[in-house]
Structure formats: structure tokens, C-alpha cells
Amino acid sequence: MAVRPMLVMAGTTLVGVLDPVAPAVAQILAQPDPATAYTMSAGRLWSLVAALLGLTGAVIGGLALARPTARIGTSRWGAIWALLAGLTGAVIGVLVVAAAKGGPGTGYGIVGGYVALVIGLIAMTLGGLTLARQRRTG
């Protein structure tokens, strides 16, 4: 057998085998890099904002609960602000968790969303306790 027909046959066999595999290989090569620990994605940013809102509400609620008559206004406004900030943080945390497409470490901010949800619930609890105490004493 001559060399030229063998090369043609080997080439067509190689193309026939690699032709169905080529789109899959191209798709794998075109995938974006996975999120690293230092990548700030939109989910991580929103979960950070939600956690900060919840933390602010928890601090305000704690101060309102600890000081019944604060220097700046009454503890009623502190309780209301704690409820609002906690509710906002918890709602954003739930939205981040609902929108996440992967688990922890994927860059969607799911862990921060759960943290924001818990901190928001703590802030709402502190605000609710302050309002309940005011109704009893007022």
C-alpha cells in the first residue's frame, strides 16, 4: 500500500473521531475562571450590604434596649430603625440566597446571605423587644 492513501485515510479517521468532540472541548475551554476568594461578585456585594444593614439594626436595637431614654430622642425611634434595618437586611439576604445558583465558595454570596438573614432577624428581635417593653411601661 502506498504512503499517500494511508495518510489520507488516517487524516479522515482522525477528523471523523474528533469532529463530534470539538464543540464540547471548545465549550470547556470557553468557561470563565471560577470565583476566587478575593473576587467581588454581585451576590457577594449584596450579601455584604445586607449583613451591614442587619448589623447596623442590631447595634441600634441593642442601644435602644439598653438605654430606655437615650440622649438623642426616645428608644421608640431606635426600635423602629432597628426593625426597618433588620427587615431590609433579612429580605436582601433571602433574595441573595434565592438567586444563588451554587453552594458555598462559588461566588454567589450564599453564605453571606444566610449571615445577613440571621443578623437581620436578631435586629428585628431587639427592636421588637424594645417596642414591647415600651408598651408595658408606657
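**Helices, contacts and a pocket**

Reply: Leaving aside its neighbours within four places in sequence, Leu65 is in contact with Leu126, Leu129, Thr130 and Arg133. The model under discussion is a predicted one.

Me: In which helix is Leu65 found, and is Leu65 buried, exposed or partly exposed?

Reply: Leu65 is found in helix α3. Buried requires a relative accessible area under 20%, and exposed requires one over 50%. The relative accessibility of Leu65 is 27%, so Leu65 counts as partly exposed.

Me: How far apart in space are Leu65 and Ser75, C-alpha to C-alpha?

Reply: Ser75 is among the buried residues of α4, whereas Leu65 belongs to α3. The two residues are 10 positions apart in sequence. From C-alpha to C-alpha, the distance between Leu65 and Ser75 is 7.2 Å.

Me: What pattern does the chain follow along the sequence?

Reply: The chain has five helices and zero strands. Read along the sequence, its pattern is α-α-α-α-α.

Me: What share of the contacts with a separation of 6 or more comes from residues 24 or more positions apart?

Reply: Contact here means heavy atoms within 4.5 Å. Among the contacts in the chain with a separation of 6 or more, residues 24 or more positions apart account for 71%.

Me: Why does the end-to-end distance of α4 agree with its number of residues?

Reply: Helix α4 covers positions 75-99 and has 25 residues. At 1.5 Å a residue, α4 should span 36 Å. The span agrees because the end C-alpha atoms of α4 are 36 Å apart.

Me: What distance separates the end C-alpha atoms of α5?

Reply: Helix α5 covers positions 110-137. Its 28 residues should span 40 Å at 1.5 Å a residue.

Me: Against which helices do the buried residues of α3 pack?

Reply: The buried residues of α3 include Gly43, Arg44, Ala50, Gly54 and Ala58. What covers the buried residues of α5 includes α3 and α4, and the buried residues of α4 pack against α3 and α5. For the buried residues of α3, the packing partners are α4 and α5.

Me: Why does Ser47 count as buried, and with which residues is Ser47 in contact beyond its neighbours within four places in sequence?

Reply: Ser47 is found in helix α3. The cut-off for buried is under 20% relative accessible area, and Ser47 is buried because its value is 5%. Beyond its neighbours within four places in sequence, Ser47 is in contact with Val96, Gly109, Gly112, Gly113 and Ala116.

Me: Is Ala42 buried or exposed, and how far is its C-alpha atom from that of Gly109?

Reply: Ala42 has its place in helix α3. With a relative accessible area of 54%, Ala42 is exposed. Ala42 and Gly109 are 67 residues apart along the chain, and their C-alpha atoms are separated by 8.0 Å.

Me: Which helix gives the most to the lining of the second largest pocket?

Reply: The residues that line the second largest pocket include Ala42, Trp46, Ile92, Val96 and Tyr108. At least two lining residues come from each of α3 and α4. With four residues, the helix that gives the most is α4.

Terms used: Residues are numbered from 1 along each chain as its sequence is written. This is a predicted model: local features need pLDDT of at least 70, side-chain atom pairs count only at pLDDT 80 or more; totals for chains, interfaces and linings use all residues. Side-chain values use heavy atoms; hydrogens and water are left out. On a 1 Å grid over the protein atoms alone, a cavity is a set of points where a 1.4 Å probe fits but cannot get out, and a pocket is an open set with protein on both sides within 12 Å along at least five of seven lines; lining residues have an atom within 4 Å of a point. The expected span of a helix is 1.5 Å times one less than its number of residues. Buried means under 20% relative accessible area, exposed over 50%, partly exposed in between (1.4 Å probe, protein chains only).
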